[in-house]
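These are reading notes for a colleague who has the coordinates open. Please go through the points in order with the model on screen.

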Amino acid sequence: MKVKKFLSSAMAATALMTLGAISMSFTMTEDAPASRVVEDGGQGPYKAVMKEEPSIDAHTIFVPQDLSVFGKKNLLPVLVWGNGACNNSPFEHYKFLNEIASHGYIVVATGYMPKEGERYHGPMSTTEQQIEAMDWVEKVNADKNSPYYGKIDVKNICVAGMSCGGLQTLYNCADKRIKTLMVCNSGLFNQENAGSAVGGMPMPPKSKLKEIHSSIMYMLGGESDIAYGNGMDDFKRIDHVPACATNLPVGHGGTYGQPHGGEYSIVALAWLNWQLKGDKEAAKMFQGDNCELLKREGWTIEKNAKLEKLK
């Protein structure tokens, strides 16, 4: 009888320990930052991962999985990204952003990490989140306890965004940390068409363009893009910094959702490699009468004099 009682107690204790271990394992998984490998890590030489970072709320990080190859002689330039429709998640752009990260960039996108197969439904993002992203990369790059310590090129930051994210980008254009801008499927509204803007979007006036102090590329979807008129009007007003307007006739949605971000990721990477990495080969995509962009099917480009002189 005593033996049976002992065995029963032992089995109960073992069961409780097992349940406790399962419960602890589940809790640890729940609390751990989420991460996901997208499209086998991208096509670049540094396989990327999409992840959350506990040290910055409401942002998604895209970064090479192996950070050991980065350091003083091989730093990660920065892309800060704002989403279309002011969504507080890059669920529409994650393939595009992941592809860029796989070519040796750290991407800090506004909003919560996308859940597989789900659209974001929640409050809109804010212009301040792009500023938070720049603050964060500076902080973790200087933190000796951070895995990013000494690995980020904080002097080479591009701020960019699509549609509403492009408006957020232009709202923040005066920040002195910005090395270059990409405004995608977007442009500032003028007094005549401001009424067609979605409520809650930032609405800086056209005079804001004078605050741009860096190079800038507009990447638009051709005349069927609802932002085409605004974006082209912006470009024609910019004569004080190097600027170009590229167009591919795919409409407002761009090619972000195509495998590896489609054509947009190719052109965006050329711009980033030129502006943030000083890649002279990448410059050929945009400079010259017969630039490489014009050899790609469907693309057109307009540029100002300062862009052709840019080294």
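1. Basis. The model is predicted, with local features requiring pLDDT of at least 70 and side-chain atom pairs counted only at pLDDT 80 or more, whereas totals for chains, interfaces and linings use all residues. Residues are numbered from 1 along each chain as its sequence is written, and side-chain values use heavy atoms, with hydrogens and water left out.

2. The sheet. Helices (H or I, at least four residues) and strands (E, at least two) are taken as DSSP runs and numbered from the N terminus; two strands count as paired if DSSP finds at least two bridges between them. On these terms, ten strands make up an open sheet of mixed pairing, in the order β1-β2-β3-β5-β4-β6-β7-β8-β9-β10. Its edges are β1 (35-36) and β10 (300-303), each of which pairs on one side only. Within the sheet, β7 (residues 178-184) and β8 (residues 215-220) pair in the parallel sense over five bridges, and Leu 181 has Ile 216 of β8 as its bridge partner.

3. Helices on the sheet. Contact is taken as heavy atoms within 4.5 Å, and axes are lines fitted to C-alpha atoms, for helices over the stretch in contact, with angles running from 0 to 180 degrees between N-to-C directions. Helix α4 (residues 164-171) lies across β4, β6 (152-162), β7 and β8, and runs at about 130° to β6. Helix α2 (residues 94-101) is mostly covered, with six of its eight residues buried, where buried means under 20% relative accessible area, exposed over 50% and partly exposed in between (1.4 Å probe, protein chains only). Those buried residues are Phe 96, Leu 97, Asn 98, Glu 99, Ile 100 and Ala 101, and they pack against β2, β3, β4, β5, β8 and α6 (262-277).

4. The nonpolar cores. A nonpolar core is here a set of buried Ala, Val, Leu, Ile, Met, Phe, Trp, Tyr and Cys residues joined through side-chain atoms within 4.5 Å. In the largest one, of 43 residues, the members touching the most others are Ile 106, Trp 136, Tyr 148, Ile 212, Ile 216 and Tyr 218; α3 gives the most to this core, namely six residues. Not counting residues up to four places away in sequence, Tyr 148 touches a set of residues including Ile 61, Val 63, Leu 67, Ile 106, Trp 136 and Val 140, together with Lys 51, Glu 53 and Asn 141. A second, separate core has 42 residues, among them Val 38, Tyr 105, Ala 270 and Leu 293.

5. Two buried loop residues. Asn 185 is located in the loop between β7 and β8 and is buried, its relative accessibility being 0%. Its side chain makes a polar contact with the side chain of Tyr 256 at 2.5 Å (a pair of N or O atoms within 3.5 Å; within protein, one must be able to donate a hydrogen and the other to accept it, and residues adjacent in sequence count only if both atoms are side-chain atoms). Beyond four places in sequence, the contacts of Asn 185 include Ser 163, Asp 225, His 252 and Tyr 264. Ser 89, in the loop between β4 and α2, is likewise buried, with a relative accessible area of 4%. Ser 89 and His 121 are 32 residues apart in sequence, and their C-alpha atoms are 9.0 Å apart in space.

6. Salt bridges. The structure holds 14 salt bridges, each a side-chain nitrogen of Lys or Arg within 4 Å of a carboxyl oxygen of Asp or Glu. Arg 119 forms one with Glu 92, with closest N and O atoms 3.8 Å apart; because Arg 119 lies in the loop between β5 and α3 (128-142) and Glu 92 in the loop between β4 and α2, the pair ties together parts that are 27 residues apart in sequence. Arg 119 is exposed at 56% relative accessible area, whereas Glu 92 is partly exposed at 33%. Lys 210 forms a salt bridge with Asp 239, the closest N and O atoms being 3.9 Å apart. This pair joins the loop between β7 and β8 to the loop between α5 (228-237) and β9 (243-247), 29 residues apart, and both Lys 210 and Asp 239 are exposed. Lastly, Asp 135, Glu 138, Asp 175 and Arg 177 are linked in a salt-bridge network.
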